Amino acid sequence: MTGTAEGTNSFETVIRFEDVTKSFPGPEGRHVVLDRVNFGVPRGKITVIAGGSGQGKSVTLKLVLGLMRPDSGRILVDGQDVTRLRGDGLRRLRTRFGVLFQGAALFDSLTVFENVALPLQERLRLSRAEIQDRVMTTLDQLELRGHENKFPAQLSGGMKKRVGLARALQLDPEIVLFDEPTTGLDPVMTSEIYDLFVRTQDRIGYTAVIVSHDIPKIFELADQIVLLNKGELDVFDDPREIRNSSKPFIREFAEKTMAGCPQNKEGAGKQ
Amino acid sequence: MNGHSYTPSVVPKLLRPVVMLGNHALYLLFDLGRMGVYLFSALAGIFRRPFRYRELVKQLHFIGTGSAAVIFFTALSSGMVLGLQGYYSLHKFGAEGMLGSAVSLTLIMELGPILTALMVTGRAGSAMCAEIGIMRISEQIDALECMAVDPFRYLVSPKFLATLISVPLLTVMFDVVGIFGGYLAGVKLMGVNSGAFFNGMQQSVTNHDITLGIIKSFVFALLLVWICSGRGYFVQSIRGAGFGAESVSRVTTQAVVVSSISILIFDYLLTAILL
């Protein structure tokens with residue numbers, strides 16, 4: 001089974017998967033999650049990666065960041081092969097990324113302020129006053145002022161995600177990866193997080209890759225949709241294409257998950 | 001390679017133990033290799049800038065100051081027991097005057113470094129392993145890497161440096177308190193002559209003995225911080241550790257056991273080489 005890239009031809013791609021295979025050992029031999037997949041992530045656009053549990057969505061993000069290595073194939077970020085990078089080269093590449101982890105991955109021994117300030121303290125030579133100013137501005141934008149001295153354990157799930165987003169966006173990254181950003185949130189908080197995506201993306205203009213189960217809602221934001229199933233990968237520019245796919249798995253996926261999804265992209269419309 | 005293995009179904013049943021043995025040997029080599037790279041990265045991280053002074057002070061406080069009370073009481077009781085046991089043994093030969101020498105040499109060369117390292121392993125090493133393990137499973141270490149922050153310089157190396165500073169100092173404290181305990185039991189309780197006690201100690205303890213004790217404490221400190229923090233760092237890929245919170249608890253137990261056994265083995269080796 002080989003994944004194919006469609007739909008990204010008209011855009012410049014910033015991330016490109018070329019014949020990437022990734023498998024893990026299991027009780028009955030290797031479990032292949034990506035089988036020679038090819039696709040590109042268009043620059044400045046929102047790409048949503050969807051699929052069932054255990055289909056390799058989060059693995060895809062970890063491969064882009066060099067946190068995992070593929071069994072074979074290349075992953076290019078602006079032509080630079082992530083799979084060949086080590087040490088300082090990999091560290092330099094990662095400076096271009098912001099990441100919002102599934103569980104926010106906040107440092108639980110640091111306060112909200114310290115969590116958001118960490119990338120500034122570690123990566124930029126700023127005075128204490130400048131850091132204070134930048135962090136408080138971000139916390140204001142994400143409606144977190146007043147919570148800066150709290151520890152992650154004292155925050156709700158939605159607040160943790162917002163702090164994670166504040167930290168991910170602190171250095172104005174070119175590419176932001178979101179791993180299940182709305183899992184476990186109520187519908188109101190989910191909408192707030194989506195609003196935040198759109199507002200921050202409009203402001204910074206980053207390329208976004210979002211792994212999400214929140215279908216069909218997440219498709220409203222997407223410029224490109226990547227569906228993963230049993231190592232196979234399909235790329236769509238429009239949710240409508242998913243319904244009309246010739247593959248039985250994808251039609252079944254659409255029937256089960258896309259009830260209430262707009263019939264065409266214009267109907268979906270970004271917020 | 002990682003913490004998992006499998007036996008291909010095509011291998012005849014009789015040969016499967018051989019395959020498993022091979023798998024274990026390969027895993028052991030892989031584990032030793034990555035722990036070696038981990039040790040090198042952690043030591044190199046000590047010299048990378050910017051240096052985290054505040055984190056070092058925090059770790060010195062946790063590992064050093066925090067362990068002082070338990071070291072004090074362990075040293076006092078060990079010294080007093082040595083004083084009493086030594087007195088009864090030496091009394092049979094009328095050699096009570098040698099008590100100071102026996103207590104101080106035993107403490108400085110053996111009990112001080114060993115018991116200090118074992119106590120710090122139990123108190124601070126287990127905490128280090130659990131802390132780093134939880135940071136690993138909750139993706140906090142991944143988050144550091146994604147922010148292009150070196151997790152060794154930021155997280156691991158301050159713990160290494162603090163342990164390498166704290167354990168020898170705690171060992172010196174153990175020796176002093178232990179000798180005081182021996183003095184209390186031997187001189188104040190059993191009536192050994194105070195001058196004979198200190199004179200025996202002064203005559204028998206050489207600079208070489210003190211140096212041996214300090215070298216041992218450095219090696220034990222390195223072993224305990226390496227094994228405890230390293231097991232936590234690799235918690236997700238240790239064979240048989242399981243997943244989530246259970247993996248952290250199992251790996252923490254394993255780290256304390258392996259550290260303690262390594263300290264005892266290295267104690268024998270160092271004594272044999274340096275004595």
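Two residues are taken to be in contact if their C-beta atoms, placed from the backbone, lie within 7 Å. The model is predicted, with local features needing pLDDT of at least 70 and side-chain atom pairs counting only at pLDDT 80 or more, while totals for chains, interfaces and linings use all residues. Residues are numbered from 1 along each chain as its sequence is written, and chains are lettered from A and ligands numbered from 1 in the order in which they are written.

Helix H1 (residues 57-65) of chain A lies across S1, S2 and strand S4 (72-77) of chain A, at about 120° to S1(A); helices (H or I, at least four residues) and strands (E, at least two) are DSSP runs numbered from the N terminus, and axes are lines fitted to C-alpha atoms, for helices over the stretch in contact, with angles from 0 to 180 degrees between N-to-C directions. These strands belong to an open, antiparallel sheet of 4 strands in the order S2-S1-S4-S5 (chain A), where pairing requires at least two DSSP bridges between two strands. Strands S2 (29-42) and S5 (80-81) of chain A are at the edges with a single partner strand each, so one side of each has no neighbour in the sheet. S2(A) pairs with strand S1 (residues 13-26) of chain A in the antiparallel sense over 10 bridges, and A:Ile15 stands opposite A:Val41 in S2(A).

Turning to the interface, 18 residues of chain A are in contact with 12 residues of chain B. On the chain A side, H3(A) gives the most, with 4 residues.
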